[in-house]
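Take a look at the fold below and keep its helices in view. We will go through them one piece at a time.

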Amino acid sequence: MHITITGVSKGLGQALTRYYLEAGHTISGLARSEAAISEWQDSTPDGHFFSAVDISKDSEVASFAESVIDKFGPPDLLINNAAIINRNAPLWEISADEIEHILEINLGGVASTIRHFLPAMIARGSGVIVNFSSGWGRSTSPEVAPYCATKWGIEGLSQALAQELPHGLAAVAFNPGVIDTDMLQSTFGSSASGYPGPETWVKRAAPFLERLSASDNGASLTCPDF
């Protein structure tokens, strides 16, 4: 299986990449961090592809997608994981620039990735797109309004996209659950350590995502036991 993952530098994206590499899948991945991408390139055998990409820049995503499709064809599983969260603060204390940046990555980056990979997936007639949502894409909390807005947007984007897809393809929104990552620590503080880490989570999440098919199109899913 060819799997494309955005946001492979740390957290859930890094855990998924390691798991799928060990499982023998072909991986193409992006992250903004050049150091993280160099590490993947140095530690991964030939037959995979990693690239430093600013996912908020449509032209960079387009170039990445073109390279991936030229090398491997379109992905069987496209995982839109890359996202950021705002600093904890009431909405009126968050600057316009910070909100715009969150929107560019969490929604614009997902849209760009879909835009540049999906036509080749449609031409082949198969493929699953997994857009990472959140518990805060189905509920809300104070001081994370911009992040909530983007994840509620992911839910709507995924369901609308599912209605547009031809037979044989699927788009789903996926809530990974509550996992001890840098993002959770930024909002929960020290209490984040009371939740499982990515290494535990991925043992449930990765096989679950592998099993998705066209029959799941339009679903809002949650990782089992998370």
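The model is predicted. Start with helix α2, residues 34-43. Three of its residues, A36, I37 and W40, are buried. Seen down the axis of α2, the buried residues fall within an arc of 100°, so they line one face of the helix. An α-helix has 3.6 residues a turn, so residues three or four places apart point the same way. The other side of α2 carries exposed residues: E34, A35, E39 and D42. What lies over the buried residues of α2? The cover includes helix α1 (11-22) and the strands β2 (26-31) and β3 (49-52).

Next, turn to helix α3, residues 58-72, and its partner α4. Their axes come within 8 Å and cross at roughly 30°. An angle under 35 degrees counts as roughly parallel, and α3 and α4 are therefore roughly parallel to each other. Their crossing is right-handed. From α3, the contact takes in D58, V61, A62, F64, A65, V68 and I69. From α4 come S112, T113, R115, H116, F117 and A120. Sorted by class, this contact of α3 with α4 has eight nonpolar, three polar and two charged residues.

Helix α4, residues 96-124, also packs against helix α5, residues 145-164. Here the angle is about 20°, and the axes are 9 Å apart. The two helices, α4 and α5, are therefore roughly parallel to each other. The crossing of α4 and α5 is right-handed. Which residues meet here? On α4 they are I99, I102, L103, N106, L107, V110, I114 and L118. On α5 they are P146, Y147, T150, G153, I154, L157 and L161. By class, the contact of α4 with α5 has 12 nonpolar and three polar residues, with no charged ones.

Finish in a loop. G73 sits between α3 and β4 (77-80). Is G73 buried or exposed? The cut-off for buried is under 20% relative accessible area. G73 has 17% relative accessibility, so G73 counts as buried. Leaving aside residues up to four places away in sequence, G73 touches H2 and V68. V68 is also one of the α3 residues in the contact with α4. H2 lies 71 residues from G73 in sequence. In space, the C-alpha to C-alpha distance between G73 and H2 is 8.4 Å.

Conventions. Residues are numbered from 1 along each chain as its sequence is written. This is a predicted model: local features need pLDDT of at least 70, side-chain atom pairs count only at pLDDT 80 or more; totals for chains, interfaces and linings use all residues. Side-chain values use heavy atoms; hydrogens and water are left out. Axes are lines fitted to C-alpha atoms, for helices over the stretch in contact, and angles run from 0 to 180 degrees between N-to-C directions. Helices (H or I, at least four residues) and strands (E, at least two) are DSSP runs, numbered from the N terminus. Angles under 35 degrees count as roughly parallel, over 145 as roughly antiparallel, 65 to 115 as roughly perpendicular and the rest as oblique. A crossing is left-handed if the near helix is turned anticlockwise from the far one by less than a right angle, and right-handed if clockwise. Contact means heavy atoms within 4.5 Å. Ala, Val, Leu, Ile, Met, Phe, Trp, Tyr, Cys and Pro count as nonpolar, Asp, Glu, Lys and Arg as charged, and the others, Gly among them, as polar. Buried means under 20% relative accessible area, exposed over 50%, partly exposed in between (1.4 Å probe, protein chains only). The arc is that of the directions from the helix axis to the C-beta atoms.
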